[in-house]
Structure formats: C-alpha cells, structure tokens
Amino acid sequence: MKLERLKITSLSKINSVVRTPGYDACDLTQSIVHFGAGNFHRAHQAVYCDTLLNQGDTQWGITGVSLRSSTMRDKLAPQDHLYTLAVLGEQETDYRIIGSILNLLVGPEDPEAVIEILAKQQTQLVTTTITEKGYYLKNGVIDIECADIAHDLGSIMLPKTTYGYLAAGLIKRSLLGDLPITVLCCDNMNGGGECLKEGVRLLLAEHSPETLPWVDANVAFSASMVDRVTPATDNTLKDKVAQALGVADVAPVATEPFSQWIIEDKFAGTRPAFDKAGALFVEDIAPFERVKLRFLNAGHSMLAALGYLAGDRFIHESLQRSSLARFTEQALKNDVVPVTLVPEVINAETYIAQVLARFRNANLPYAALQVGTDSSQKIQQRWFPSIDDALEQGRDARYLAFALAAWGHFIHKALVNDDLNDPLKADFVRCASSGQSSDMKVFLTLAGANKFRFFAHQEFMASVHRYHCVISDMGVELAIEHNF
C-alpha cells in the first residue's frame, strides 16, 4: 500500500510517539538564510532553530540556499519543507519532525531571489555549511585564480560563490539604511568567520568599495564549532521512518544523540537565543576547537590505525577489544589531558568518556579506513602538537610514541593491501619499494614531523622505533598488553 506523503496536513495522522512541530509555519518569521541545506545542517542548526520555535521564539525560521543542485528543494518542497530527524541511539531510535526550514532557494535558478532575501530587514543571520571546498582556499588564502572566484571578481550579477551572494546582498542591503546582520560560519574551519569576511571584502573592493564602510559598521562575521555525526540517507532509513511515522518521507536524515554547537559571541543586531536550545556562546572559540582536535579527532585516528592493524572494519568493533579501548582512553588521559588547556565548562575525563561512547554506537558505524583517510595530514594537527607540548613539559608521551609506531604499520599494511587513501600515497609507495618502510623517520618526515620539535628528541624517537619493532614482533594487541 502506498503511503501518504509527509506534509502539514498529514501531521495529525503520524504515530503519536513521534514529536511534531508545536507551532504554525504561518506564524514564523524567516530571519535566517542558510547556505548549504544538506544533511548536516538539517540534523544540526535546523534542529536548534526548531527547538527555539517550539519554545515560542517564532523569529528564527530558515530560508535555505543551494548553490549547486535543486535536489533537496525538489524533495522538501512537496513535503511543505518538513522532514524527519531519526536519532539513532545504541538501543533505540527517536523520531522527530523538523519544521524550521520554511523555504529553499536554488541560487543558479533565481540568484536575484537569494540576493533579495539577504537584503531584507527581517534577515538577521546568515549561516553556512558549505564544506571547506566552498571557501576556495589555497595555502590558507582565497584562490583568486579559481574559476568561480574569478567569475565573481568579474561580475556578481549571477554569483557563483557564497562570497558573491553575500557581497551582492550586502550592497543591496546597504542602500536601505543601517540594517545590522551577522554572518556565521558553521563549518569546522579555523577562522571561518574571518575567511567569509575576507571573501566578501575582496569582492566589494572590486565591485562596490563605497559599501565597505557600511559593512564595517553593520556586519559581524563570526565563527562556530559544530559536532554531530550525520550519515548519508539511504532507502533503509526511509523504510524505517515510514514504518515509524505511518507516512512517507523522501528526505529523512539520521544522526547520533550527541550534538554540540560552540558559537563565537560576536553578533550585529539580534542574536538568536541558541543557548536556550543547548548551544554555548563563548568569547574565544580556539580552546574548544583544540579540545575537539586533541581528544575526539586524535582518538578517532588512533582507533583507526590500531583497529585496522587488528583486522577490524569499523571503529566500534575495535572498541570491543579491551586492549585497544583501554589504550586509547589512557593515551588521551595520560598524554593529552595534562598538556591541553581545557575550558572550565568542559570536564576532560567526561568529554573523553562521551567521545568513546559515541564511537561505540554500532548504529552509526565509522569505517577504520574512512577515518584513516588522509592520515598523514590529520596527525599533524591531531597528535604532533600534543607530543611537542608533552616533551617540553618533561613528560615521556609514551602512548603517543606507540600511536606513531602503529600509524607507521597502518601505512605499510594499507599499502600492501592497496587500501591506502592518502595524498602522499605515491611517496609512501616509493619508500616501501626502496625498503625504507621500516624506518619510522622516513614515514614521519613525509608526514611533516620534521617541522616539530619531537622529531629531534632522541629519546622519544628511540621509543617510537622500539615500539615499531615490538608491533612487528607481537602484533598490535600483544604489544599493547606487554607495554601498557
């Protein structure tokens, strides 16, 4: 039997255990414009807005903007822009209908509509989840030779980039008077707000330099740190949602119970009360980014290397091995916590326990090889600074030394199995073919370790070499059990 489609008129027919919007879309104001209305946004920022709307703060409805495809608009528009959030816990799944997205625009189809809503007085906040590619960076700066950037430097009548739409919208907005607005980066990028500011100013300097003083006086560019796992939507999820709701949803989104949003408290005009929905406003976002990098991301990379060596496909399988679970927890607690400035609002040990619990959720499996993708680049940020800090403070960092040794074996095994996905793969292949794969210094040099102080620390590097030999002799699990 074909099920009725999810719509406002079908909400009354939905299973009563499913939470539905407690507000009428007709009563809402569209004060947020969001670039990049994909799965992550729909499982993260849109949910925070939905919570505010359910609390009676009806100002924060969302207009989504796609810069490429009409796919999401075409799925959501026939559903009155409603969709199902499926929160996948370890034991059960919680379903909730989200109604905070009120409209979706497709930039290439109607760029003027996007520019128009950015200029409207009711628009108070612009947010972005456009992934790193959407910022067009090369060596940390905007690549003006990139085709899309070059296009917008030539003309912003039909923008190609978020920068272009923002610049065009702000030019039009400036003509209406002093209408403050905030542009908030919701991609996990260092200095994301500043990057958006630089891109907008670059285009304004070319097309409307007279608007720059108005921007300085009326626009805030802010950053945030976001964290929530959101896998791709598949037919299995759609079938589960249909069974739970009793109506069909072609665009549900799955996620984990955990959600975090740390927002730099730099706003022009009205600031949404996202703190009432679980977000945290802070003056300095850098310490929070550091905690995520050194604990969550670092632990993920450790388990990817250790688990792959142990023969596991998924991270949650690796955490079922007591030796790997214990090692990762102790590595973070013993080697990383003492050398990391943790904000007062975060308890480091609780955060680590929470991270490992998230990784254990088999309903949201992380493939070890997927997490291990680009590992030569990731460990430069996730492990190396902690090692330098530990050695500078006179600590031995033996867990991190073992992690480096395991990473060397991970690279070698992935090469042998043709599993390695890394920008330095060709270099690693050359090392392996010349018989240098057992020399950790060669692999670590490729990964940029020679730019860090620990690389010249003889005692530490000797321990890395020793652990590398022990893993070769015993395998990773026995090596852990005999040394930790």
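## Basis of the description

The model is predicted, so local features need pLDDT of at least 70 and side-chain atom pairs count only at pLDDT 80 or more, while totals for chains, interfaces and linings use all residues. Residues are numbered from 1 along each chain as its sequence is written, and side-chain values use heavy atoms, with hydrogens and water left out.

## The open sheet

Eight strands form an open sheet of mixed pairing, in the order β5-β2-β1-β6-β9-β10-β12-β13. Strands (E, at least two residues) and helices (H or I, at least four) are DSSP runs numbered from the N terminus, and two strands pair if DSSP finds at least two bridges between them. The edges are held by β5 (101–106) and β13 (280–282); each has a single partner strand, so one side of each is left without a neighbour in the sheet. On average, neighbouring strands are turned by 25 degrees against each other, direction ignored.

Within this sheet, β1 (residues 30–35) and β2 (residues 61–66) pair in the parallel sense over five bridges. V33 has T63 in β2 as its bridge partner. Helix α4 (residues 111–119) packs on the sheet and touches β1, β2, β5, β6 (125–128) and β9 (181–185); contact means heavy atoms within 4.5 Å. The direction of α4 makes about 135 degrees with that of β1, where angles run from 0 to 180 degrees between N-to-C directions and axes are lines fitted to C-alpha atoms, for helices over the stretch in contact.

## Helix packing

Helix α5 (residues 147–154) and helix α7 (residues 192–207) pack at an angle of about 35 degrees, and their axes are 9 Å apart. On the α5 side, I149, D152, L153 and G154 take part, meeting L202, L203, E206 and H207 in α7.

Helix α16 (residues 384–392) has F384, S386, I387, D388, A390 and L391 buried; buried means under 20% relative accessible area, exposed over 50%, and partly exposed in between (1.4 Å probe, protein chains only). These buried residues pack against several helices, among them α10 (286–310), α12 (322–336) and α20 (458–474). After α16 comes G394, with a positive phi near 80 degrees.

## Nonpolar cores

A nonpolar core is a set of buried Ala, Val, Leu, Ile, Met, Phe, Trp, Tyr and Cys residues joined through side-chain atoms within 4.5 Å. The largest has 94 residues, of which F384, W407 and F460 touch the most other members. Not counting residues up to four places away in sequence, the contacts of W407 include A305, W383, F428 and M440. A second, separate core of 38 residues includes L105, I181, L196 and L212.

## Cysteines without disulfides

The structure holds zero disulfides, a disulfide being a pair of cysteine sulfur atoms within 2.5 Å. For C26, the closest cysteine sulfur, in C49, is 18 Å away, too far for a bond. C26 is exposed, with a relative accessible area of 72%. C186 is likewise in no disulfide, and the nearest cysteine sulfur, that of C185, is 6.6 Å away. C186 counts as buried, at 1% relative accessibility.

## A loop proline

P231 is found in the loop between β10 (219–227) and α9 (235–245). P231 is partly exposed, with a relative accessible area of 29%. Not counting residues up to four places away in sequence, P231 touches N39, A254, T255 and L364. The C-alpha atoms of P231 and L364 are separated by 7.5 Å, although these residues are 133 residues apart along the chain.
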